Amino acid sequence: MTIDIRRLRDQLPQEIADLESEARREGYLHVARLIDEWSAGDIKFEHHGERLLGAYIDDALIGIGGVTVDPAMSGALRMRRFYIRPAMRGCGIGRMLALVLLDPARSCCSIVTVHAGNDDAARFWESLGFQPHGRDGHTHLFALQRHSDDPAAADLRRCVTPRSP
């Protein structure tokens, strides 16, 4: 199984509708918020340090995740709108998306925040080194180092290069 990480720009992929439907069936509304915010022009992932990535197998969108400027914490970025199809969870796709987003964030900030929506998400973010932090709408913070000491991040830099579709 080859996973292709693509930077999403200009427009959301059509397959986002299927991802949103699947997320909604699980009771998650954050993919719908992504679509609404993108359509309204509120969030386009185009400020310094911001990115939106899609994870694909062949041409099937299997996951999405982004990072934006954090509105509640000056100089920080915030992980947003992460969703991996249930059938693909546990394969390292969420970790791959997060690491690909964290690596370039090192050049523009020292803190990345996230709001984990449930206990499984909290465990996921903590497995990446995020620390619990219950203020300003965040559940977790990650203090970035200039160069990752996570061997998986080095492997990803060699094997996965985000590209525009």
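Visitor: How do you describe the way helix H1 and helix H2 cross?

Guide: In this predicted model, the axes of H1 (residues 16-25) and H2 (residues 30-40) come within 8 Å and cross at roughly 140°.

Visitor: Why is H1 called oblique to H2?

Guide: Roughly antiparallel takes an angle over 145, and roughly perpendicular covers 65 to 115. The crossing is at roughly 140°, so H1 counts as oblique to H2.

Visitor: Which residues make the contact?

Guide: From H1 come Ile16, Leu19, Glu20, Ala23 and Arg24, and from H2 come Val31, Ala32, Leu34 and Ile35. They divide into seven nonpolar, no polar and two charged. Glu and Arg count as charged, and the contact includes Glu20 and Arg24 of H1.

Visitor: Now the strands. What makes strand E3 largely enclosed by the rest of the structure?

Guide: Buried means under 20% relative accessible area. Eight of the 10 residues of E3 (residues 60-69) are buried, so the strand is largely enclosed.

Visitor: How do you know that E3 pairs with strand E2?

Guide: Pairing needs at least two bridges, and seven join E2 (residues 51-57) to E3, so they pair, running antiparallel. Ala55 stands opposite Gly63 in E3. In their hairpin, with two residues between the strands, Asp58 takes a positive phi near 55°.

Visitor: And what joins E3 to strand E4?

Guide: Six bridges do, and E3 and E4 (residues 76-84) run antiparallel. Here Gly63 stands opposite Ile84 in E4. This hairpin has six residues between the strands, and Gly75 takes a positive phi near 80°.

Technical notes: Residues numbered from 1 in each chain as written. Predicted model: local features only at pLDDT ≥ 70, side-chain atom pairs only at ≥ 80, totals over all residues. Heavy atoms only, no water. Axes fitted to C-alpha atoms, helices over the stretch in contact; angles between N-to-C directions. Helix = DSSP H or I, 4+ residues; strand = E, 2+ residues; numbered from the N terminus. Parallel < 35°, antiparallel > 145°, perpendicular 65-115°, else oblique. Contact = heavy atoms within 4.5 Å. Buried < 20%, exposed > 50% of the residue type's maximum accessible area, 1.4 Å probe, protein only.
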